Amino acid sequence: MALPVAEWQGRTARLWAALDPALRERLAAASLHDAVRLGCDLLRTEEEEEAALARLCHQARTDKQPEAASWYREQGNQEFKRGRYQAALRLYSKAASHELPGSPEVSVCFANRSAALLHLGHFEVCLEDISRAESHGYPDRLLPKVLLRKAECLLCLERLQDAQDILRVLESKIALDGVMTTHLTRLKKLSQLKVKSGEKERCPEPAREAHGGIQGKPEIWEENNRISGASSSLSLSFDAERGRHLVASQDIVPGQSLVKEEAFVSVLCPGESLPLQDGATAWDTRATNADLYCHRCLRQLLASVPCQGCSYAKYCSQDCADMAWQQYHRTECSLGALLLTLGVFCHVALRTVLLAGFAEVSRLVAWSCCEDKNLQNLETRCRPLSEAADAGAGSRGIPGCGSDGRYRSSYQALFHLLPHTEQHSPEHKFLCMLSVVAICKQLQAAGLEAAVLNQESPQQWSKPKTCEKSSDELSPELKTVAEAMLRHVLQLQCNAQAITVMQELGPGDGAVVDKKPVRLATAFFPVLSLLNHSCCPNTSVAFSGTAATVRASQPISSGQEVLHCYGPHWCRMRVAERQQLLSQYFFECRCRACLEELESGVKSVVSIRNSFCCPKCQAQMQGEEDTLCCSNEACATLASRDNLSGRLQDLQQQIKKALDLLRVEKADQAIKMLLKCQMDAGTFLSPEHLLMGEMEDHLAQVYATLGKWQEAARHLKKSIEIVEMHHGPSSVETGHELFKLAQILFNGFAVSEALSTIQRAEGILSVHFGPQSAQIQELQEMKACLSELPRNILQRT
């Protein structure tokens, strides 16, 4: 959720409409500086709005709730007893996040979670959780059970001496019950067998050579001496029409890395979650992004380390938790509910100023106030003024460059991204202004102003602040912070970069792994923001944690601009729909794909392939009005667009029900329902419609679940044909489908076809994600495994 919750948007809209027309006019024309000051005065008199915001925050509570912890832990115990260890793992993590720090209950959560980790085979992480349980005061009476678990992990990790030391302690000093005594005896025998086995194999076999390419070839990279994180094959240009942009300074080949940049700031998108209702006795058990990924580095979580002050922030390690606390979370911790209510853009804006530091923020805000008119004048911005050089325009006259003419991934570069202040609607600016002022008022009320202004000593960082009464009037320093935050919120509409990740659908324990791209976080990437948009881009962007890598997706000639797609790709959407979506960026796209479609007047390929077909003769239906006509003159059947659209929606609901059946292991019923959906779709959808391909993909998934590999491959090949028609044979979508086909052929032992599919998938995915990506590694492991088979088997298959 980028913007505030709908209720707050509604309240600010009503407040805007009720303002005196003269005040509305002043606010609409106000600079960021003046808007913040007017907003402070306005919000100070609107106590009802502040009370309403407080009520909304109560629905997104992020404080510790021991009653929630007890409930989650009990749910985890029930899932553990059923053998659903992955579900138990998530629930124990939720419980740990709600326990009060230092309480014995939190140690029980870690110990319980270690048991689930042991069953899932995550032995190293299991040991980490056992250490956490011990350090948080795990009860002595329960310690033997945990130590037995620790010994078992150590044995599985071949750390025999450590395991034997623990077993001796257990045997000599700790009283065990009958069950644990039996378990101890079994572990002792197991350790002795492993020791004997190790003595027989004292001369280890020489390490086998790694199969060629399994580690991935290192990429050739030479960094640009003028643009941090960019390849030396690029140059930075600036003109009034295109602003800052990147141009190829030499010929570039597909797959070549062009930009490698760490986000200046990123904030995890919380994902869908049910708000806690008043009087509720149960809590949401679904795993959202907030449960699945580290809130600092975005690494996927297995056993999260919770923040000691709130129930929301979770980390992959104590190091990440400590770093986040030092950099920004000591300020954000008590504001969690407010930040969730006001949306990710406000959260990104706050974290940006916290990371930049007040000294740098105030310097650039002061400069922007003096140069406000110059910032709106592109010709003036091109002139290398000495004042501009000090603040960020640089000796080369390109905004955001340092005085040495180098463009860095820095707050200075970020600050110079265009906020488009005059192009946002007055209502939107009003919403953003009230939201950032509300955050700054809460910072002051909670006694966090010193932390924001970097006036605290490290000794004061140890625990979250308690709320302190403060004046309703914002301090001058916090008004400066609010002005910077308002600038960043407005910048985000045009410059926010979604960090996406390929997330597994379903439990992820099948032979064929189905994944979909999921928006994980919102970030500022100052160098990546230099890339202008095209609906037919020549680059592909991939993410690893908070780092982005831009690669050429096709050949780029020297002198050609390097382009990035901001969202609606030409092969996924008609030009009218693309232009409407792109209006949020305040420009009219004039890329090659848009111009060809607009000027030729020819119906787009997307419209043709995703069209309805005649219920009688299956010819394409055409027309822009509510009533469509068959394109076959001999037929001339008429049909209602609304009726066909309704049938399409019903069909999508039936497909969803079929997938729900698959999730509850009713594969045969899922197949029957999907085949019926296919028959229904064939009566009114084009054979090339994307939904036809999706149904083939779903059928392949169901047959793969049943181990019917040939049938699964047959359906997936049909899906690939349709995906290629829509997205192209070298698209990332085709690469993902080929990856799934490679898995199916591998599991079905179709060796020669699997090898050729692996080679093709590898060629496509390496262009988009590079040779080190997880999918490329998995493809190469499959190829190595198949290549090891005896020659006579390879020849037969």
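What is the order of the three strands in the open sheet, and which pairing does the sheet have? The order is S3-S11-S10, and the pairing is antiparallel. Strands here are DSSP runs (E, at least two residues) and helices likewise (H or I, at least four), numbered from the N terminus; two strands pair if DSSP finds at least two bridges between them.

The structure is a predicted model, in which local features need pLDDT of at least 70 and side-chain atom pairs count only at pLDDT 80 or more, while totals for chains, interfaces and linings use all residues. Residues are numbered from 1 along each chain as its sequence is written, and side-chain values use heavy atoms, with hydrogens and water left out.

S10 and S11 (residues 547-552) run antiparallel and are joined by six bridges. The two strands form a hairpin with two residues between them, and glycine 545 in the turn has a positive phi of about 65°. Residues that stand opposite each other are listed below.

| Residue | Opposite residue in S11 |
|---|---|
| Alanine 542 | Threonine 549 |
| Serine 544 | Alanine 547 |

Five of the six residues of S10 are buried, so this strand is largely enclosed by the rest of the structure. Buried means under 20% relative accessible area, exposed over 50%, and partly exposed in between (1.4 Å probe, protein chains only). Helix H32 (residues 751-769) lies across S10 and S11 and runs at about 125° to S11. Axes are lines fitted to C-alpha atoms, for helices over the stretch in contact, and angles run from 0 to 180 degrees between N-to-C directions.

**A helix pair**

The axes of H13 (residues 318-332) and H15 (residues 344-356) come within 9 Å and cross at roughly 130°. The two helices are therefore oblique to each other, a class left for angles that are not under 35 degrees (roughly parallel), over 145 (roughly antiparallel) or 65 to 115 (roughly perpendicular). Gln327, Tyr328, Thr331 and Glu332 of H13 make the contact with His347, Leu350, Arg351, Leu354 and Leu355 of H15; contact means heavy atoms within 4.5 Å.

**A buried serine**

Serine 107 belongs to helix H7 (residues 104-120). Its relative accessibility is 0%, so serine 107 counts as buried. Leaving aside residues up to four places away in sequence, serine 107 touches Ala133, His136, Gly137, Tyr138 and Pro139.
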